[in-house]
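I have opened a new page for this chain. These entries keep what I looked up, in the order I looked.

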Amino acid sequence: AGGSSNASAAPNADPDFDGLTNFLEYALNTDPASRNPSPVVQDTETVGADKFLRLTIPKNTSAVGVTYEIQATGNLLDSTSWSANGLIIEQNTGSLLQVRDNVPIGSGGPRFLRLRVSQ
(Lines give C-alpha, C1' and ligand atoms only; values in the text may rest on other atoms or scores of the structure.)
Protein backbone atom coordinates (compact mmCIF):
# COMPACT_ATOMS: atom_id res chain seq x y z
CA ALA A 1 0.00 0.00 0.00
CA GLY A 2 1.13 3.54 -0.65
CA GLY A 3 1.37 6.35 1.82
CA SER A 4 4.01 8.37 3.61
CA SER A 5 4.65 5.60 6.16
CA ASN A 6 5.58 3.08 3.42
CA ALA A 7 9.22 3.52 2.36
CA SER A 8 8.56 1.44 -0.77
CA ALA A 9 6.14 4.12 -1.99
CA ALA A 10 8.73 6.94 -1.93
CA PRO A 11 9.45 8.56 -5.33
CA ASN A 12 13.09 7.41 -5.30
CA ALA A 13 12.33 3.87 -4.10
CA ASP A 14 12.58 0.86 -6.42
CA PRO A 15 10.47 -1.82 -4.71
CA ASP A 16 10.59 -4.22 -7.68
CA PHE A 17 14.41 -3.82 -8.07
CA ASP A 18 14.26 -3.24 -11.83
CA GLY A 19 16.45 -0.11 -11.78
CA LEU A 20 13.52 2.27 -12.32
CA THR A 21 12.44 4.44 -9.39
CA ASN A 22 8.75 4.85 -8.58
CA PHE A 23 8.82 8.36 -10.09
CA LEU A 24 10.41 7.10 -13.31
CA GLU A 25 7.91 4.21 -13.47
CA TYR A 26 5.11 6.79 -13.11
CA ALA A 27 6.58 9.02 -15.84
CA LEU A 28 7.12 6.08 -18.23
CA ASN A 29 3.78 4.42 -17.40
CA THR A 30 5.23 1.14 -16.13
CA ASP A 31 4.18 -0.84 -13.06
CA PRO A 32 6.36 -0.09 -9.99
CA ALA A 33 5.29 -3.38 -8.39
CA SER A 34 6.41 -5.56 -11.33
CA ARG A 35 9.94 -5.92 -12.62
CA ASN A 36 10.04 -4.36 -16.09
CA PRO A 37 12.80 -3.90 -18.63
CA SER A 38 13.39 -0.23 -19.37
CA PRO A 39 10.89 0.96 -21.98
CA VAL A 40 13.41 3.52 -23.26
CA VAL A 41 14.56 2.48 -26.74
CA GLN A 42 17.94 3.50 -28.12
CA ASP A 43 18.51 3.06 -31.82
CA THR A 44 19.98 4.92 -34.77
CA GLU A 45 18.39 7.00 -37.48
CA THR A 46 19.97 7.39 -40.91
CA VAL A 47 19.65 10.79 -42.55
CA GLY A 48 21.36 11.03 -45.92
CA ALA A 49 24.76 9.39 -45.53
CA ASP A 50 24.91 9.92 -41.74
CA LYS A 51 23.69 7.86 -38.79
CA PHE A 52 22.58 9.49 -35.55
CA LEU A 53 21.82 8.17 -32.06
CA ARG A 54 18.13 8.33 -31.15
CA LEU A 55 16.05 7.74 -28.01
CA THR A 56 12.35 6.90 -27.97
CA ILE A 57 10.53 7.37 -24.67
CA PRO A 58 6.97 6.35 -23.79
CA LYS A 59 5.22 9.07 -21.78
CA ASN A 60 2.44 8.58 -19.26
CA THR A 61 -0.51 10.55 -20.65
CA SER A 62 -1.91 10.81 -17.10
CA ALA A 63 1.31 12.11 -15.51
CA VAL A 64 0.79 15.63 -14.17
CA GLY A 65 3.68 18.07 -13.84
CA VAL A 66 6.28 15.77 -15.40
CA THR A 67 8.95 17.20 -17.72
CA TYR A 68 10.78 14.91 -20.13
CA GLU A 69 14.09 16.03 -21.65
CA ILE A 70 16.64 14.18 -23.76
CA GLN A 71 20.19 15.43 -23.33
CA ALA A 72 23.44 14.64 -25.14
CA THR A 73 27.15 14.88 -24.42
CA GLY A 74 30.45 13.77 -25.84
CA ASN A 75 32.17 13.83 -22.44
CA LEU A 76 30.93 11.64 -19.60
CA LEU A 77 33.63 13.02 -17.29
CA ASP A 78 32.08 16.51 -17.34
CA SER A 79 28.69 16.40 -15.63
CA THR A 80 27.96 19.96 -16.80
CA SER A 81 28.33 19.06 -20.49
CA TRP A 82 24.88 17.45 -20.82
CA SER A 83 22.59 19.60 -22.98
CA ALA A 84 19.41 19.43 -25.06
CA ASN A 85 20.59 22.27 -27.32
CA GLY A 86 20.50 21.38 -30.99
CA LEU A 87 18.91 17.97 -30.58
CA ILE A 88 16.26 17.08 -33.16
CA ILE A 89 12.78 16.35 -31.78
CA GLU A 90 11.29 13.87 -34.24
CA GLN A 91 8.08 13.26 -32.25
CA ASN A 92 6.67 14.79 -29.10
CA THR A 93 3.10 13.74 -28.35
CA GLY A 94 1.23 13.09 -25.12
CA SER A 95 2.39 9.47 -25.18
CA LEU A 96 5.76 9.50 -26.99
CA LEU A 97 9.00 11.48 -27.16
CA GLN A 98 11.52 10.65 -29.88
CA VAL A 99 14.72 12.70 -30.09
CA ARG A 100 17.75 12.36 -32.36
CA ASP A 101 21.28 13.61 -31.78
CA ASN A 102 22.53 16.40 -34.02
CA VAL A 103 26.08 15.02 -34.24
CA PRO A 104 26.58 12.07 -36.61
CA ILE A 105 27.99 8.82 -35.23
CA GLY A 106 31.71 8.57 -35.97
CA SER A 107 32.21 12.28 -36.59
CA GLY A 108 35.12 12.65 -34.21
CA GLY A 109 34.27 11.29 -30.80
CA PRO A 110 31.86 9.33 -28.66
CA ARG A 111 28.29 10.56 -28.14
CA PHE A 112 25.86 9.73 -25.36
CA LEU A 113 22.14 10.40 -24.88
CA ARG A 114 20.17 10.30 -21.66
CA LEU A 115 16.64 10.92 -20.45
CA ARG A 116 16.10 13.49 -17.72
CA VAL A 117 12.69 13.40 -16.04
CA SER A 118 11.73 16.02 -13.50
CA GLN A 119 8.68 17.38 -11.71
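**Entry 1: a bridge partner.** Which residue in strand 5 is the bridge partner of Asn-92? I looked it up and found Leu-97. I note at the start that the model is predicted.

I then looked at the two strands around that bridge. Strand 4 and strand 5 run antiparallel and are joined by 4 bridges. They form a hairpin, with 3 residues between the two strands.

Leu-97 came up again when I turned to strand 2. In strand 5, Leu-97 is also the bridge partner of Ile-57. Strand 2 and strand 5 are antiparallel, and I find 5 bridges between them.

Entry 2: In what order do the strands of the open sheet lie? The 4 strands follow the order 1-2-5-4, with antiparallel pairing. Strand 1 (41-47) and strand 4 (88-92) are the edge strands, each with pairing on one side only. From one strand to the next, the twist averages 25°.

**Entry 3: the whole chain.** I stepped back to list the elements. The chain has 1 helix and 6 strands. Read from the N terminus, the elements run α-β-β-β-β-β-β.

For extent, I took the box along the principal axes: the C-alpha atoms fill roughly 55 × 30 × 25 Å. The chain has 119 residues, and 30% of them count as buried. I also looked at contacts between residues at least 6 apart in sequence; 50% of these join residues at least 24 apart.

**Entry 4: the nonpolar core.** How many residues does the largest nonpolar core have? I find 16. Those with the most contacts inside this core are Ile-57, Val-66, Tyr-68, Ile-70, Leu-97, Leu-113 and Val-117. Helix 1 (22-28), strand 2 (50-58), strand 3 (67-73), strand 5 (96-100) and strand 6 (112-118) each supply at least two residues of the core.

I picked Ile-70 from the list and looked up its contacts, leaving aside neighbours within four places in sequence. Ile-70 is in contact with Leu-55, Ile-57, Ala-84, Leu-87, Leu-97, Val-99, Leu-113, Arg-114 and Leu-115.

**Entry 5: Ala-27.** Is Ala-27 buried or exposed? Ala-27 counts as buried because its relative accessibility is 0%, and under 20% is the cut-off for buried. This residue is found in helix 1. Not counting residues up to four places away in sequence, Ala-27 touches Pro-58, Lys-59, Asn-60, Val-66, Tyr-68 and Val-117.

I took one distance from here. Ala-27 and Asn-102 are 75 residues apart in sequence, and their C-alpha atoms are 25 Å apart in space.

**Entry 6: the segment before helix 1.** Ala-13 is found in this segment. With 15% relative accessibility, Ala-13 counts as buried. Beyond residues up to four places away in sequence, Ala-13 touches Ala-7, Ser-8, Leu-20, Thr-21 and Asn-22. From Ala-13 to Ser-38 I get 16 Å, C-alpha to C-alpha, for 25 residues in sequence.

Phe-17 lies in the segment before helix 1 as well. Phe-17 counts as exposed because its relative accessibility is 63%, and the cut-off for exposed is over 50%.

**Entry 7: positive phi.** What is the phi of Phe-17? It is positive, about 55°, although Phe-17 is not a glycine. Asn-29 is not a glycine either, and has a positive phi of about 60°. Asn-29 lies in the loop between helix 1 and strand 1. Asn-29 is exposed, with a relative accessible area of 53%.

**Entry 8: rings.** I looked for aromatic pairs, and the count comes to 0. I did find a charge over a ring: the charged end of Arg-100 sits over the ring of Phe-52, 5.1 Å from its centre.

Technical notes. Residues numbered from 1 in each chain as written. Predicted model: local features only at pLDDT ≥ 70, side-chain atom pairs only at ≥ 80, totals over all residues. Heavy atoms only, no water. Phe/Tyr/Trp six-rings, centres within 6.5 Å; stacked < 30°, edge-to-face > 60°. Lys NZ or Arg CZ within 6 Å of the ring centre and 35° of its normal. Core = buried A, V, L, I, M, F, W, Y, C linked by side-chain atoms within 4.5 Å. Buried < 20%, exposed > 50% of the residue type's maximum accessible area, 1.4 Å probe, protein only. Contact = heavy atoms within 4.5 Å. Pairing = 2+ DSSP bridges. Axes fitted to C-alpha atoms, helices over the stretch in contact; angles between N-to-C directions.
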